[in-house]
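Open your viewer and keep the selection tool handy. Could you walk with me through this chain, from the overall fold down to single side chains?

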Amino acid sequence: MARAKIFYNLPNELPISGFRPMEEKDVNDVYILLDEYLKKFKVHGYYSKEEVAHWFLPRKNVIYSYVKLDKSNKVSDLISFYCLPSSILQSPKYKKLMAAYSFFNINTSCELKDLMKCALILAKNEKFDVYNCLNIMENESVLKDLLFGQGDGTLKYYLWNFVCPKTEPKDLALVLM
């Protein structure tokens, strides 16, 4: 266990400076950034500005979103993850496992690997026990380098009333909460 703690240890400081929690004033910029990002994928959702506000504005123990601004004070990068705690049964010491799940992470001014490392550190600093990430969107390209372990299951989507081509995970930008 001691070796694992050293191997998986994360610093407290972010490798990229300038991230702060998303605020109401960022909704329009995040809406534009997300809309452009989602166009890259064969299967994706559409978010209105109201939905961006609802799904992305931070709420403790629900959703965590962080933004980085460019030189013109526009949102250039987004980190987001949501909270899904689990009860730990039959343990006298632990009652709850706090799990963070990657939502949408959009990079335009940095490498995705560094952005995702920031997400891991932010989740750790928020006292999450584990960080889960699906191999959808561009995530697969950084999971191995960031030492993510392969899960033991698969995730299946059932989309009704949709015309949906056979899709590889890298072409999918749907995160169901």
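A strand here is a DSSP run of type E with at least two residues, and strands are numbered from the N terminus. Keep in mind that this is a predicted model.

**Stop 1: two helices.** Next, select residues 27–38 for helix H2 and residues 49–56 for helix H3. Their axes lie 9 Å apart, and the helices pack at an angle of about 100 degrees. Angles of 65 to 115 degrees count as roughly perpendicular, so that is how H2 and H3 stand to each other. To see the contact, display Val27, Asn28, Val30, Tyr31 and Leu34 on H2, along with Lys49, Val52, Ala53 and Phe56 on H3. This set of residues comprises seven nonpolar, one polar and one charged.

**Stop 2: the whole chain.** Zoom out and colour by secondary structure: the protein chain has five helices and nine strands. Its radius of gyration is 17 Å, close to the 16 Å from the globule rule for 177 residues, so the chain is as compact as a globular protein of that length. The C-alpha atoms fill a box of roughly 45 × 40 × 30 Å along the principal axes. Finally, colour by accessibility: 39% of the 177 residues count as buried.

Key. Residues numbered from 1 in each chain as written. Predicted model: local features only at pLDDT ≥ 70, side-chain atom pairs only at ≥ 80, totals over all residues. Heavy atoms only, no water. Axes fitted to C-alpha atoms, helices over the stretch in contact; angles between N-to-C directions. Helix = DSSP H or I, 4+ residues; strand = E, 2+ residues; numbered from the N terminus. Parallel < 35°, antiparallel > 145°, perpendicular 65-115°, else oblique. Contact = heavy atoms within 4.5 Å. Nonpolar A, V, L, I, M, F, W, Y, C, P; charged D, E, K, R; others polar. Rg over C-alpha atoms; globule rule 2.2 N^0.38 Å. Buried < 20%, exposed > 50% of the residue type's maximum accessible area, 1.4 Å probe, protein only.
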